[in-house]
Amino acid sequence: MSPQFTSPGAHSSSPTFSSSSSSSSSSFSSASDRRLNALVRHLATEESSPMDSISASPTSAHADSVFAHVVRGPEDPILGVTVAYNKDHSPHKLNLGVGAYRTEEGKPLVLNVVRKAEQNLVNDMSRVKEYLPIVGLADFNKLSARLILGADSPAIQENRVTTVQCLSGTGSLRVGGEFLARHYHERTIYIPQPTWGNHTKVFTLAGLSVKTYRYYDPATRGLNFQGLLEDLGSAPAGAVVLLHACAHNPTGVDPTLEQWEQIRQLMRSRALLPFFDSAYQGFASGSLDADAQSVRRFAADGGELLLAQSYAKNMGLYGERVGALSIVLKTAEVASKVESQLKLVIRPMYSNPPIHGASIVATILKDRDLFNEWTIELKAMADRIISMRHQLFDSLRAKGTPGDWSHIIKQIGMFTFTGLNPEQVAFMTKEYHIYMTSDGRISMAGLSSRTVPHLTEAIHAAVTRVA
Amino acid sequence: MNMEYLPMGGSVKMVEETLKLAYGETSEFLKDKRIATVQSLSGTGACRLFADFQKRFRPDSQIYIPVPTWANHHNIWRDAQVPQRTYHYYHPETKGLDFAGLIDDIKNAPSGSFFLLHACAHNPTGVDPSEEQWKDISYQIKGKGHFAFFDMAYQGFASGDPEKDAKAIRIFLEDGHLIGISQSYAKNMGLYGQRVGCLSLLCEDEKQAVAVKSQLQQLARPMYSNPPVHGPLIVSTILGDPDLKNLWLREVKEMADRIIGMRTALRENLEKLGSPLSWEHMTNQIGMFCYSGMTPEQVDRLTNEFHIYLTRNGRISMAGVTTGNVAYLANAIHEVTKSA
């Protein structure tokens with residue numbers, strides 16, 4: 001049995017009201033009129049589907065959300081520390097949570113050379129804000145590859161490296177991970193235990209499955225080298241292995257050069273594919289070249305590797321999201337094909353990368369004077385952190401705090417894995433207003449000469465009063 | 001001003017101003033905090049975050065995409081692993097909207113489907129529904145309980161008036177839809193390479209908005225951690241200052257007017273040349289692109305004989321037309337179409 005009309009779109013002779021046709025002007029004068037008419041039509045039509053009863057009725061204020069079942073996600077553990085810190089009103093509070101550099105005065109730092117470069121860019125009226133190519137700023141890419149691999153790198157000279165600008169380290173890891181999930185025969189990546197909290201999520205969402213290899217030894221607060229070799233030795237041939245190029249996050253524990261050499265030999269003998277995360281080049285030891293040694297040795301043996309670079313810390317460009325993914329391949333031909341596939345990953349993710357931060361980096365890297373200025377400012381940041389390590393160590397020793405605290409000066413980079421347990425950490429937060437992640441990781445960048453004594457007090461109390 | 005990390009959801013100031021543009025300066029939804037929003041990597045990033053969110057929380061769903069659409073839309077939902085369907089949109093014979101086909105497809109889609117709509121200045125055709133047609137589309141979509149996701153990449157850039165260009169969205173809001181919107185500042189503020197945009201989802205209440213936003217952040221964190229700081233700083237500086245905002249409104253109108261002027265000029269030139277074809281669609285269509293109706297063969301001739309470059313579907317970017325070249329272009333188009 002057919003109703004008097006078929007739909008509001010088609011013109012019809014409905015007995016009770018005038019319907020609107022598809023092209024002529026509507027007879028509705030207001031939203032409520034429209035709703036009333038819709039209700040009448042709704043009641044009259046045979047065509048309403050079983051689903052659109054009450055919740056989809058045009059007369060209700062709004063239908064049920066199709067996302068009503070979405071629950072609130074968990075707070076990010078690292079960023080949550082700063083949230084808690086901000087809520088604290090104590091004048092003695094200390095934020096040793098997030099990994100961003102702070103000056104002696106506890107302030108964020110924009111490098112002078114960055115300000116200079118940025119000013120040059122802004123003053124240049126010939127510059128435009130057009131889209132970058134999908135792979136990003138060409139100069140930036142070339143210079144970034146040279147920075148990490150070395151200007152004399154055979155891989156670069158032989159055009160075997162493809163570099164694409166990405167959204168800092170995170171973006172580089174994600175794009176690399178997606179590429180591997182699509183084009184590599186081994187879908188498992190081995191990450192060190194522990195590692196940066198976001199690594200697992202990045203690779204999982206990229207489509208890889210994540211396994212771990214032993215890395216940190218709580219007993220020595222150093223490297224569990226035996227465990228590392230065993231675990232990599234028993235990984236399936238060809239598996240991907242994530243390596244922190246320097247200044248391991250969160251432990252600050254790095255292999256020695258001899259140990260790196262053993263790792264390299266083992267990995268190459270099992271065709272394990274290295275994926276380096278280089279977030280601290282120059283920031284760890286103060287020397288760009290020294291901090292690149294692990295990567296360069298792998299690249300020098302002619303083998304292939306992936307490499308995520310970030311300028312967040314070493315150029316202080318955190319929020320600008322500047323980074324690069326480089327892949328070293330066997331031949332130039334493969335490199336070119338790989339690049340075309342990287343573009344296909346990037347285009348549906350964000351089309352092309354942001355221009356501002358990469359332009360700052362390129363400006364600095366290509367100018368000899370600016371580059372030198374940068375290395376000086378970079379060394380100053382690294383030196384301040386190293387000095388904080390020594391101050392804290394000396395202070396704990398002077399206080400006679402029980403335990404061996406030499407790991408503080410043996411570890412490198414922004415973070416120290418103190419070895420404090422979650423109860424001790426909670427105690428330090430509650431009694432001394434010291435904020436850090438519950439794994440006992442402290443950001444040395446958040447310390448100053450002024451606050452070292454307070455931290456020493458807190459650690460001493462935690463170690464002597466809390467099991 | 002420093003370069004510290006933004007929160008995962010991006011610049012709060014920029015996002016606030018951006019929502020005002022889409023939802024209305026005094027929108028009750030803003031007051032009631034019902035909108036879950038995150039700063040995104042321009043329009044692409046907003047669409048991708050939404051597609052990933054759709055996959056995660058409505059894994060059974062698919063997306064209906066207009067024919068034709070911006071090519072990257074297909075890539076985005078494909079990479080998010082959301083199955084795609086299409087709906088009728090462009091009518092080649094009229095070079096206008098296939099309204100009946102569109103409505104049919106809305107009605108035939110299973111209830112609760114997800115529909116991608118271009119809020120204004122449809123890319124690539126330049127064909128937009130009229131206000132009345134939008135009202136009907138809204139009604140039909142509501143009746144089937146479909147979810148409407150708007151890609152708004154040209155607010156202000158289409159007609160010259162941001163409020164006018166948001167009309168479709170306002171109609172849907174008035175009708176009680178809980179919509180999603182992707183917004184981009186690439187064209188209307190010329191911030192192309194800065195990658196500034198915003199994804200928003202209107203929720204039932206504040207609690208839900210908080211939950212949805214937290215989940216959007218969970219998707220952004222493993223993609224790029226937090227969005228770039230520079231571009232949004234420009235946006236919030238402009239929109240947060242009345243004088244700068246007025247200057248922007250004037251400049252965006254200038255851009256839109258120039259393009260509208262070129263549409264008129266090109267059409268008039270063709271008519272003056274005595275073209276046997278109708279070029280009405282050139283001024284009916286809106287935004288950056290004109291779907292000329294030329295065949296691939298005619299396009300090839302334009303390129304080979306006249307050194308004019310455009311995509312083979314006959315889409316002309318009106319932004320590339322100037323008073324300096326419009327006569328030349330009209331002449332070339334006339335040459336390749338006069339015996340059609």
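Two exercises on a predicted model follow, each with a worked solution.

**Exercise 1.** Describe the contact between chain A and chain B: how much area is buried, which residues and elements supply it, and how many polar links are counted?

*Solution.*

Step 1. Start with area, since the size of an interface is often given as the accessible area lost when the parts come together. Chains A and B bury about 6,200 Å² between them, with 55% of it on carbon and sulfur atoms. Of the area that chain A buries against chain B, A:Phe67, A:Lys129 and A:Pro348 supply 11%, more than any other three residues.

Step 2. Count residues. Chain A contributes 80 residues to the contact and chain B contributes 68 residues.

Step 3. Count polar links. There are 2 salt bridges between the chains and 28 residue pairs in polar contact, both residues at pLDDT 80 or more. One salt bridge joins B:Glu4 to A:Arg102, with 2.9 Å between the closest N and O atoms.

Step 4. Assign elements and classes on the chain A side. Elements giving two or more residues include α1 (31–44), α6 (168–183) and α12 (332–350); α12(A) gives the most, with 6 residues. By class, this side has 37 nonpolar, 23 polar and 20 charged residues.

**Exercise 2.** Which residues of helix α16 (residues 422–432) of chain A are buried, and what do they pack against?

*Solution.*

Step 1. List the buried residues, those under 20% relative accessible area: A:Gln424, A:Val425, A:Phe427, A:Met428, A:Thr429 and A:Tyr432.

Step 2. Find their partners. The buried residues of α16(A) pack against β12 (434–435) and α17 (452–465) of chain A.

Step 3. Check both ends. At the start of α16(A), a side-chain oxygen of A:Asn421 comes to within 3.0 Å of the backbone nitrogen of A:Glu423. After the helix comes A:His433, with a positive phi near 60 degrees.

Key: Residues are numbered from 1 along each chain as its sequence is written. Chains are lettered from A and ligands numbered from 1 in the order in which they are written. This is a predicted model: local features need pLDDT of at least 70, side-chain atom pairs count only at pLDDT 80 or more; totals for chains, interfaces and linings use all residues. Side-chain values use heavy atoms; hydrogens and water are left out. Contact means heavy atoms within 4.5 Å. Buried area is the accessible area (1.4 Å probe) that two parts lose on being put together, summed over both. A salt bridge is a side-chain nitrogen of Lys or Arg within 4 Å of a carboxyl oxygen of Asp or Glu. A polar contact is a pair of N or O atoms within 3.5 Å; within protein, one must be able to donate a hydrogen and the other to accept it, and residues adjacent in sequence count only if both atoms are side-chain atoms. Helices (H or I, at least four residues) and strands (E, at least two) are DSSP runs, numbered from the N terminus. Ala, Val, Leu, Ile, Met, Phe, Trp, Tyr, Cys and Pro count as nonpolar, Asp, Glu, Lys and Arg as charged, and the others, Gly among them, as polar. Buried means under 20% relative accessible area, exposed over 50%, partly exposed in between (1.4 Å probe, protein chains only).
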